[in-house]
Amino acid sequence: MANLPQSLSMNAQFGGPSASTPTAAGAPANKDRKMASAEHLVLDLSNPDLRENALLELSKKRELFQDLAPLLWNSFGTIAALLQEIVSIYPVLSPPNLSPAQSNRVCNALALLQCVASHPDTRMLFLNAHIPLYLYPFLNTTSKSRPFEYLRLTSLGVIGALVKVDDTEVISFLLSTEIIPLCLRTMEMGSELSKTVATFIVQKILLDDVGLDYICTTAERFFAVGRVLGNMVAALAEQPSSRLLKHIIRCYLRLSDNPRACDALRSCLPDMLRDNTFSSCLREDPTTRRWLQQLLHNVGVSRVPGLPAGAAFEHMLVSKADDSLSYY
């Protein structure tokens, strides 16, 4: 996953320091120039001949433009152009025939939609327009080729941007769609990174009371989630990933907050979470160790071999400060 397309690089620094530091008087002029540049590129999105370059430049520089999301949403024809980019590749999804160039282009469009999904002024507008549903065909693909994996990963990034801010309305909308089975599919067959983002989305849904109640309302839903989590734990015993394990354990811990789910976990929690299978993986992660110890305490297991014992440790409050995920 080293050669991610530009649209997936969430931590890239744009507009690095210039040769000279601008003065306070020059800052507004610089801001005006940036905004004029953004407006020009947004206008180019409506021109099919200029759109590809505009998608690339805006996706690379989107962090430079503070108000890019409202500009994208409110400018005439822009969201329609982005949706046109998405819909245009539906025909190559099945049978799978997506080229790297097609994948990169639509991923750039998805990166701009992620910008809209992240902004407080446009998030609910984005949701009320049901735009996430346009991404679900991408999450329903099974090809493991790199173009498809990038497509799924960027689509998950848009959904992840929605759930990153705790909002029951967002969770309720997603639960009215097929997001849970689509995330479970990715958790089973995706790359480590896409599995991590999909698990994070399920985690954020579970952390909302509406989401936890939804998953635990029927045995079918609970065991569908539990089966996938259990399979992932078994796979991590072969190929450890502390980042992915962290989100799996947080999902299990949240499930244990529901009395019926907690009873079920007493018999179906993977043995590898009860013994010292992951002790070396968690040695440098005290937060996840606390989560795991609390989980085992909740389901009636005294402690994990190889981890600290004692009532004070077992009853330590589980920190929620690290629930967020830096995607890429």
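This is a predicted model: local features need pLDDT of at least 70, side-chain atom pairs count only at pLDDT 80 or more; totals for chains, interfaces and linings use all residues.
Me: Is K204 buried, partly exposed or exposed, and what is its relative accessibility?

Reply: K204 counts as buried, at 7% relative accessibility. Buried means under 20% relative accessible area, exposed means over 50%, and partly exposed is in between, with a 1.4 Å probe and protein chains only. The residue lies in helix α11 (residues 192-207). Residues are numbered from 1 along each chain as its sequence is written, and side-chain values use heavy atoms, with hydrogens and water left out.

Me: How many helices and strands does the chain have?

Reply: The chain contains 19 helices and 0 strands. Both are DSSP runs numbered from the N terminus: helices are H or I with at least four residues, and strands are E with at least two. Of the 328 residues, 52% count as buried. Contact means heavy atoms within 4.5 Å. Among contacts in the chain with a separation of 6 or more, 74% are between residues 24 or more positions apart.

Me: Which residues have the most contacts inside the largest nonpolar core?

Reply: In soluble globular proteins, nonpolar side chains tend to be buried together. A nonpolar core is a set of buried Ala, Val, Leu, Ile, Met, Phe, Trp, Tyr and Cys residues joined through side-chain atoms within 4.5 Å. Here the largest such core has 94 residues, and those with the most contacts inside it are L68, L113, I179, I201, Y252, L255 and L273. Helix α8 (residues 146-164) supplies the largest share, 9 residues. Domain 1 (40-165) and domain 2 (167-301) both give residues to this core, so it lies between them; the domain bounds come from an automatic or database domain assignment.

Me: How many residues of helix α14 are buried?

Reply: Of the 14 residues of α14, 12 are buried. They include the charged residues K246, R250 and R254, as well as Y252 and L255. Leaving out residues up to four places away in sequence, Y252 touches G226, L229, G230, V233, L265, L269, P270, L273 and L295. The expected span of a helix is 1.5 Å times one less than its number of residues. Helix α14 (residues 242-255) reaches 20 Å from its first C-alpha to its last, close to the 20 Å expected.

Me: What describes a pair of aromatic rings?

Reply: A pair of aromatic rings is described by the distance of the centres and the angle of the planes. Rings of Phe, Tyr and Trp (its six-membered ring) pair if their centres lie within 6.5 Å; planes under 30 degrees apart count as stacked, over 60 as edge-to-face and the rest as tilted. The whole structure holds 2 aromatic pairs. The ring centres of Y90 and F138 are 5.9 Å apart and the planes are at 70°, so this pair is edge-to-face. Y90 lies in the loop between α4 (78-87) and α5 (100-118), and F138 in helix α7 (residues 136-139), so the pair ties together parts that are 48 residues apart in sequence. Y90 is partly exposed at 25% relative accessibility, whereas F138 is buried at 0%. F222 and F223 form an edge-to-face pair, with 5.0 Å centre to centre and 75° between the planes. F222 is buried at 5%, and F223 is partly exposed at 44%.

Me: Where does the charged end of R221 sit?

Reply: A charge sits over a ring if NZ of Lys or CZ of Arg is within 6 Å of the ring centre and within 35 degrees of the ring normal. The charged end of R221 sits over the ring of Y214, 3.8 Å from its centre. R250 lies over the face of W291, 5.3 Å from the ring centre.

Me: Which peptide bond is cis, and what is its omega?

Reply: Most residues other than glycine have a negative phi, and most peptide bonds are trans. The bond from S94 to P95 is cis, with omega near -5°, and P95 is placed in the loop between α4 and α5. As for phi, H130 has a positive value of about 60° although it is not a glycine. H130 is found in the loop between α6 (123-128) and α7, and is partly exposed at 40% relative accessibility.
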